[in-house]
Amino acid sequence: MSSLYLPYETGDTGSRPLPLGAKFWSSPAIFLGTGAIDLSTYQDGVQNVIEVVVQENYQREGDQIPNVFVEVWVCDPATIVGPSQALNPSQPAPPSKCLTGSAGWGGGFSVPVQVPGFVPYAGMSSQPGGHACLIANCYGSNSVSGHPITDGQSLINSTTADFVSLVQDNAHVAQHNIFAEAMSGSSKRHLSFPFNAVAAAPKGEEKVILEIESVSVDAALTKDDLSFLRKGRYRDLRLHPSRTPLKAFAIEGHGGAAKSISMELHAGHPVPLSILAELGPGDHEPGGVHVLNVIQKTTSGRVQGGIHLLGVVT
């Protein structure tokens, strides 16, 4: 168990590897702060501070590492994210696509770290909507004592780090692939959310399966989902799980629309796809939320990544 960690969900204690079936791609610990429209949606031309909340599970106050560092990469919405998918976070292009921040530990069990330098601009992304996936790494050090304490390590210049495995097996790394889109109960009854399917392999090609699921009412809308929505455009709605099933939902862009698709991905060549959802007939109460997950797996069933989408009836 790591001492410093980025929780993949509220209540996570940093234990890794993750439990089977964990939806590890919507960490509440990494999000857009000041300047953003919501926790995943940026504004062009506006400095968007990225917030990373690092937690610790030390048992004794004197064991805490005094200096905490974080590294963040901003990516287009995708099933798999990491440095190879990172966008240039500002213009002119900085020396590194990685944004960094640090903080001193002030006591308690968590420390918020502000990461500056994300100033999105027109043309930064080829996708509409201004949505961003975030993936972060944290580590700590004590450079003052004669016996330096370290917890984790920098990944900025790593040529061997496997982020697909790290985000599931190493608590220092977490990602934030959670988004919200409006669905109107009257006019805009269709939702279309673009994203990329990305190969996990650094070279060559691999066959994968992408599946979409609509989360049942009883399991939908977790505390993390509600917290996410209440800090964005839908904060004034009476948010609740919609009890009216979607008329249809699917993944589109690879030979039609389907709930499960098999495809070959080539390293370095993301494939554009879309999440489609359609409300059924009748009235839909504003604030109703439909929860969708897209999950990317290998043909042997190993989960590689995913997208968490909240369709909000307005």
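## Largest pocket

In this predicted model, the largest pocket has a volume of about 520 Å³. It is lined by 25 residues, and Ser84, Gln85, Ala161, Ala200 and Pro202 are the closest to its centre. A pocket here is an open set of points on a 1 Å grid over the protein atoms alone, where a 1.4 Å probe fits, with protein on both sides within 12 Å along at least five of seven lines; lining residues have an atom within 4 Å of a point. Grid points are joined across faces, edges and corners, and the volume is the space filled by probe spheres set on the points.

The lining of the largest pocket divides into 15 nonpolar, 9 polar and 1 charged residues. Ala, Val, Leu, Ile, Met, Phe, Trp, Tyr, Cys and Pro count as nonpolar, Asp, Glu, Lys and Arg as charged, and the others, Gly among them, as polar.

## Second largest pocket

The second largest pocket holds about 340 Å³ of space. Of its 19 lining residues, Glu9, Lys23, Ser26, Thr222 and His308 are the closest to the centre. Two or more residues come from each of α2 (223-230) and β18 (288-298), with α2 giving the most, 3 residues. Helices (H or I, at least four residues) and strands (E, at least two) are DSSP runs, numbered from the N terminus. The lining divides into 7 nonpolar, 6 polar and 6 charged residues.

## Four-stranded sheet

An open sheet of 4 strands runs in the order β11-β17-β14-β15 with antiparallel pairing; two strands pair if DSSP finds at least two bridges between them. Its edge strands, β11 (190-197) and β15 (257-258), each pair on one side only. β14 (residues 248-252) pairs with β15 over 2 bridges, and Ile251 stands opposite Ala258 in β15.

## Basis

Residues are numbered from 1 along each chain as its sequence is written. Local features need pLDDT of at least 70, side-chain atom pairs count only at pLDDT 80 or more, and totals for chains, interfaces and linings use all residues, while side-chain values use heavy atoms, without hydrogens and water.
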